Amino acid sequence: LILKRPFHSTGGVLGRATRAYLAYDLKTKRLVFFKDAWRAAYSRILGAESNTYRILKEHGVPHLPNVLYACDVMDYTGEIQKTKTYGVAILNRAWDQRAKRHGESIHHRIVQDIAYPLTQAIDEREFIQALHDAALGEHSTVHV
């Protein structure tokens with residue numbers, strides 16, 4: 001993938017450090033959506049966001065972007081990248097925020113078909129068409 005700077009990035013030091021990019025996929029030769037974030041490691045039911053999309057698709061939920069690629073990011077040793085502060089919290093009770101926060105996080109990336117918010121509609125026609133198609137349960141017929 002070839003990435004440009006993120007078009008969305010969460011600010012501050014708290015949160016999941018989510019960054020969203022438009023990317024060019026050299027393999028498929030098309031634009032895709034690339035999301036880079038830290039996911040909660042505690043969730044055993046749904047796990048990664050890509051698993052949530054898979055489960056929703058299996059249950060026939062319409063209008064979801066296709067997941068093209070997804071993975072937890074590995075570090076240079078081949079281990080899954082996890083937040084380091086969680087380990088510090090176990091060693092030093094003063095740093096222990098596990099009761100207040102979700103605990104350890106895992107670095108996760110997902111590549112999907114491009115979807116964009118309605119606030120980015122080019123004009124009224126595109127906005128109304130997207131609402132119409134969603135109400136009827138159809139894929140949007142508007143092309144950008």
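This is a predicted model: local features need pLDDT of at least 70, side-chain atom pairs count only at pLDDT 80 or more; totals for chains, interfaces and linings use all residues.
Is aspartate 36 buried or exposed? With a relative accessible area of 1%, aspartate 36 is buried.

Aspartate 36 also meets arginine 109 in a salt bridge, here at 2.6 Å from N to O. The two residues are 73 apart in the chain, with arginine 109 located in strand β6. Because its relative accessible area is 31%, arginine 109 is classed as partly exposed. Through shared partners, Arg19, Asp36 and Arg109 are joined by salt bridges into one network.

In total, the structure holds 6 salt bridges. Another of them is formed by lysine 35 and glutamate 49, whose closest N and O atoms are 2.8 Å apart. Lysine 35 lies in β4 and glutamate 49 in helix α1, residues 49–58, so this contact ties together parts that are 14 residues apart in sequence. Glutamate 49 is partly exposed, at 25% relative accessibility.

I turn to the strands. β4, residues 30–40, runs antiparallel to β6, and 8 bridges join the two. Within this pairing, tryptophan 38 has histidine 107 as its bridge partner. Strand β5, residues 67–72, is likewise antiparallel to β6, through 5 bridges, and alanine 70 stands opposite isoleucine 110. Of the 8 residues in β6, 7 are buried.

Tyrosine 21 and phenylalanine 34 make it, edge-to-face, with 5.5 Å between centres and 65 degrees between planes. Tyrosine 21 is in β3 and phenylalanine 34 in β4, 13 residues apart. Both residues are buried.

The loop between β3 and β4 contains lysine 29. Most residues other than glycine have a negative phi. Lysine 29, however, has a positive phi of about 55 degrees, and at 62% relative accessibility this lysine is exposed.

Finally, the surface. A nonpolar patch with about 770 Å² of accessible area together includes Ile2, Phe7, Tyr24 and Ile114. Isoleucine 114 sits in the loop between β6 and α3 and, at 40% relative accessibility, is partly exposed.

Terms used: Residues are numbered from 1 along each chain as its sequence is written. Side-chain values use heavy atoms; hydrogens and water are left out. Patches are made of residues with over 30% relative accessible area and no salt bridge: like charges are joined within 9 Å, nonpolar side chains (Val, Leu, Ile, Met, Phe, Trp, Tyr) within 5 Å. Accessible areas come from the Shrake-Rupley method with a 1.4 Å probe; for residues, only the protein chains shown count as cover. A salt bridge is a side-chain nitrogen of Lys or Arg within 4 Å of a carboxyl oxygen of Asp or Glu. Helices (H or I, at least four residues) and strands (E, at least two) are DSSP runs, numbered from the N terminus. Buried means under 20% relative accessible area, exposed over 50%, partly exposed in between (1.4 Å probe, protein chains only). Two strands pair if DSSP finds at least two bridges between them. Rings of Phe, Tyr and Trp (its six-membered ring) pair if their centres lie within 6.5 Å; planes under 30 degrees apart count as stacked, over 60 as edge-to-face and the rest as tilted.
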